[in-house]
Every structure is written in structure tokens, then in C-alpha cells.
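This briefing covers selected local features of one protein chain.

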Amino acid sequence: MAVSRLRHIPGIGVDEMGDAADAAQDPDLLRLENLDTDLRPPRVALEATRRAVDEDAANSYLPFRGQRALREAAAAHVGALTGVSYDPDTECVGVAGGLNGVLNVLLALVEPGREVVLADPVYAGLVNRVRLAGGIPRHVPSTRTRDGWETDPDALAAAVGPDTAAVLVMSPAMPTGAVLDRRHWDALAGAVAGRDCWVVHDAAMERIRFDGRRPEPPAAHPGLAGRTITVGSASKELRMIGWRVGWVVGPARVMGDVGLVGLTNVVCQVGIAQEAVAAALTAPDAEADVAAATGVWQRRAALVLRELADYPCVRPHGGWSLLVDTEAMGLTPEAASRRLFERGRVAATPMTGWGPSGAGHLRLVFANEPEARLEGLRERFLAAFG
């Protein structure tokens with residue numbers, strides 16, 4: 001690597017699998033490698049985007065912190081889920097997608113050499129952003145159970161120490177679909193009390209839960225509300241991946257720094273997309289829209305689990321993906337991915353570099369293929385593995 005900051009930042013593998021799948025030009029190939037979805041965004045968002053193309057104000061860098069409508073909608077959205085009132089002027093900034101928001105927050109919080117705690121397995125892109133910000137990832141291993149991945153609340157809290165700058169959490173998590181709840185926030189509240197430590201909540205999938213329950217965000221916990229920064233995104237729940245709009249909401253005392261990083265980093269969000277995201281967040285049927293999409297994804301996840309009942313899959317509690325333990329099948333994830341691609345015509349990403357607990361697993365994204373195409377996945381696995 002040309003510079004030291006990239007020395008411990010590997011690729012994520014998704015791009016390699018995606019490029020191979022695109023090059024194959026095979027309509028029979030099952031695309032389970034990338035975190036996409038074929039479900040359309042809300043109609044109000046599409047209509048608002050088309051209008052914005054003809055609006056001069058949307059073709060601008062300004063305002064750098066995000067258009068007023070977006071900040072109002074995002075602050076109200078996070079406030080409704082947490083019970084905390086946020087000022088859209090001082091406690092919310094727009095960002096160019098959720099991961100841009102995560103990086104901005106980490107750059108605003110993490111001194112080089114300090115630790116960031118993450119439940120593991122975890123998306124490699126989150127780990128890489130911790131490293132890019134100069135932080136040291138501290139992984140808390142989750143446990144595979146018959147019902148899915150479980151993160152021990154006490155283990156999560158015990159990982160917080162004097163060198164901890166932040167605890168970066170996601171629920172449901174990607175790629176596992178694991179859910180964190182009040183037990184974890186109770187434990188964390190005691191662990192971070194009196195420390196110079198923040199909780200950073202990647203809320204990209206918080207409403208994509210398969211248990212029918214409302215989100216339980218850390219900012220809703222009285223012991224964490226004043227030290228939680230919430231990063232949201234239109235990409236997953238609203239299916240607006242190409243719009244590249246997200247938001248960061250948190251206490252005013254830190255949001256000035258987050259906004260400064262954003263101005264210095266990506267500068268601004270996509271102008272023609274912000275009103276559309278605001279419209280999707282505030283639509284009268286917004287909750288029903290996300291619930292309907294979640295129902296589709298839940299049915300697809302259940303179908304994949306039925307098709308692969310004879311294989312070591314780990315059940316997700318939400319989200320867009322699940323993991324298969326290829327080591328239990330006697331294969332490395334890379335070898336399993338190759339065999340699935342060549343023999344089963346399935347594109348799937350090996351979890352190399354996705355945290356210690358993720359090693360040995362293959363990720364299957366069930367959000368991007370309809371049930372009619374997911375049926376028969378068992379035959380494709382048999383063709384690949386016998």
C-alpha cells in the first residue's frame with residue numbers, strides 16, 4: 001500500500017463477485033452477492049425526484065448540511081422512534097448515504113489509536129471505516145444458536161474501556177440479521193457512564209425486523225440518549241440506494257464537528273434526491289410501506305431457509321442477508337463461492353475480512369431476487385456441493 005492508513009484495509013469481496021456476475025451475462029445466474037433489492041422505492045419519492053430534476057434549487061451544493069425539508073423529516077423520524085426531541089438546525093445534518101455518515105461521525109469522534117467496539121460478525125465496510133479514521137476495531141464475538149446470532153450484553157459492555165472512543169452498533173446487523181435490544185443498552189449504559197465514549201447507531205435497517213416489534217434504538221434508553229449518535233439512510237428501508245442520501249442525528253455538542261467533517265469530506269448530498277427522501281419519510285403511509293417491504297423480505301428469507309434446510313444456515317432476525325457456515329461443510333468460503341458460481345449459477349460473497357466470527361461463512365442476500373427465482377435454490381446447492 002502507498003500509505004499506511006490503507007495497510008489494514010482489505011476489500012470487501014462484493015465488488016469482485018458483482019463484476020464476475022455482470023461479466024457472465026447469464027440471466028439464469030442468481031444474484032445473491034450484493035446488498036440490493038428489486039423492490040421499488042415509495043411512489044412519492046419517485047414523483048418528488050422527477051420534479052426536482054427541473055428545480056434550480058435542487059441543482060446546488062447548498063445548503064451544505066442538507067436541505068431544510070430533509071433535516072426536519074430526519075430529525076422527526078429519529079425523534080419518533082427514540083422519544084427524544086431533536087432540533088433540525090443544530091442536531092441533524094444530511095450526508096451522502098449512511099456509510100458516509102458513519103465515516104464522518106468516526107472522523108469527528110475517534111483520535112488515532114483509540115478503540116471502537118463492534119459486535120461481530122460485522123460488515124467489512126464498517127470495520128474498514130474504523131481503520132480509515134485511525135481507530136482500532138475491538139470485536140465482540142457473537143454466538144451462533146439454533147435461532148440465530150446472539151451477542152452477549154455483558155460481553156459487549158465488558159469490551160468498553162479507557163481507550164474506547166465509541167461503540168458502533170447496528171440492529172438488525174449486516175450481514176447476520178442479529179438484533180440488539182434493551183438488555184444490550186442496559187449493559188452499555190453502565191459501561192459508558194463517566195467515560196469519554198459515544199454510542200454510534202447505524203440505523204439503516206432498524207425497522208426491517210422479522211419479529212413484528214418496533215425498533216429499540218439505543219437513543220431511546222435514558223442512560224444513552226445524551227451520548228448516542230444515530231446514522232440513518234434511505235437505502236435499505238426506503239429502497240432508495242441510488243439516491244445516496246442519509247442523515248446523522250445527535251446532541252448539539254458534537255454535531256458541529258460532524259457537520260464540519262461532512263463539509264470537508266463529501267461536501268453535500270445529492271441535490272435532486274433530498275426532497276424525495278423527505279417525502280418518503282413523512283408520507284402518511286410511510287410505516288405501512290416499510291412494513292409491506294419487510295414482509296416480502298421476510299418471506300424470501302423463510303424460503304431460503306426452507307430450501308437450504310439441509311445446510312448450515314444461520315437464521316436472521318431481520319435485514320437483507322443471512323450466513324452459511326461453509327467450514328461446517330468442509331470448505332473455505334472462497335471455495336464454496338467458486339463452486340456455487342461455476343456449478344450452481346449462484347453469485348454469493350465470502351465473508352473474508354468481515355470480522356473474526358464471520359470467517360468461514362458465505363453471505364446470501366435474499367432481498368434482490370423474487371420468490372419464483374429463489375425456489376430451486378436447493379437444487380443449485382446440490383449441483384455445487386453434492
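**Pocket lining**

The lining of the largest pocket is made up of nine nonpolar, four polar and five charged residues. The model is predicted. The pocket holds about 370 Å³ of space, and of the 18 residues that line it, Leu-35, Leu-99, Tyr-123, Met-174 and Lys-236 are the closest to its centre.

**Cavities**

- Four cavities of 30 Å³ or more are present in the structure.
- The largest cavity contains about 90 Å³ of space.
- Its lining consists of Leu-118, Ala-119, Pro-121, Val-122, Tyr-123, Leu-126, Leu-168, Val-169, Met-170, Ala-173, Met-174 and Leu-180.
- By class, these are 12 nonpolar residues, with no polar and no charged ones.
- Strand 3 (115-120) and strand 7 (164-170) each contribute at least two residues to the lining of the largest cavity, and strand 7 gives the most, with three.
- The second largest cavity has a volume of about 60 Å³.
- Residues lining the second largest cavity include Ala-119, Asp-120, Pro-121, Ser-142, Trp-149 and Thr-151. Met-170, Ala-173, Thr-176, Ala-178 and Leu-180 also belong to that lining.
- The lining of the second largest cavity divides into seven nonpolar residues, three polar and one charged.

- An open sheet is formed by four strands in the order 11-12-15-14, with antiparallel pairing.
- Strand 11 (313-314) and strand 14 are the edge strands, each pairing on one side only.
- Strands of a sheet pair through backbone hydrogen bonds, in either a parallel or an antiparallel sense.
- Strand 12 (residues 321-325) pairs with strand 15 over five bridges, in the antiparallel sense. Val-324 has Leu-362 of strand 15 as its bridge partner.
- Strand 14 (residues 349-350) pairs with strand 15 over two bridges, also antiparallel. Here the bridge partner of Pro-350 is Leu-362.
- Strand 15 (residues 361-365) is mostly covered, with five of its five residues buried.
- Side chains in a regular strand alternate between the two faces of the sheet.
- In strand 15 both faces are covered: His-361, Arg-363 and Val-365 are buried on one side, and Leu-362 and Leu-364 are buried on the other.

**Helix 2**

- The buried residues of helix 2 (residues 43-52) are Ala-45, Leu-46, Ala-48, Thr-49 and Ala-52. These residues lie on the same side of helix 2 because they cover an arc of only 165 degrees around the axis.
- The buried residues of helix 2 pack against helix 9 (271-282).
- Arg-43, Arg-50 and Arg-51 are exposed on the other side of helix 2.

**Backbone details**

- Most peptide bonds are trans, and most residues other than glycine have a negative phi.
- The peptide bond from Ser-171 to Pro-172 is cis, with omega near -10 degrees. Pro-172 is in the loop between strand 7 and helix 7 (182-192).
- The peptide bond from Met-174 to Pro-175 is also cis, with omega near 20 degrees. Pro-175 is in the loop between strand 7 and helix 7.
- Gln-25 has a phi near 50 degrees, which is positive in a residue other than glycine. Gln-25 sits in the loop between helix 1 (14-24) and strand 1 (30-31). Its relative accessibility is 70%, so Gln-25 counts as exposed.
- Val-267 is not a glycine, yet its phi is positive, at about 75 degrees. Val-267 belongs to the loop between helix 8 (252-265) and helix 9. With 28% relative accessibility, Val-267 counts as partly exposed.

**Gly-330**

- Gly-330 is in the loop between strand 12 and helix 11 (333-344).
- The relative accessible area of Gly-330 is 64%, so this residue is exposed.
- Gly-330 and Gly-360 are 30 residues apart in sequence, and their C-alpha atoms are 9.8 Å apart in space.

How values were computed:
Residues are numbered from 1 along each chain as its sequence is written. This is a predicted model: local features need pLDDT of at least 70, side-chain atom pairs count only at pLDDT 80 or more; totals for chains, interfaces and linings use all residues. Side-chain values use heavy atoms; hydrogens and water are left out. Buried means under 20% relative accessible area, exposed over 50%, partly exposed in between (1.4 Å probe, protein chains only). Two strands pair if DSSP finds at least two bridges between them. The arc is that of the directions from the helix axis to the C-beta atoms. Contact means heavy atoms within 4.5 Å. On a 1 Å grid over the protein atoms alone, a cavity is a set of points where a 1.4 Å probe fits but cannot get out, and a pocket is an open set with protein on both sides within 12 Å along at least five of seven lines; lining residues have an atom within 4 Å of a point. Grid points are joined across faces, edges and corners, and a volume is the space filled by probe spheres set on the points. Ala, Val, Leu, Ile, Met, Phe, Trp, Tyr, Cys and Pro count as nonpolar, Asp, Glu, Lys and Arg as charged, and the others, Gly among them, as polar.
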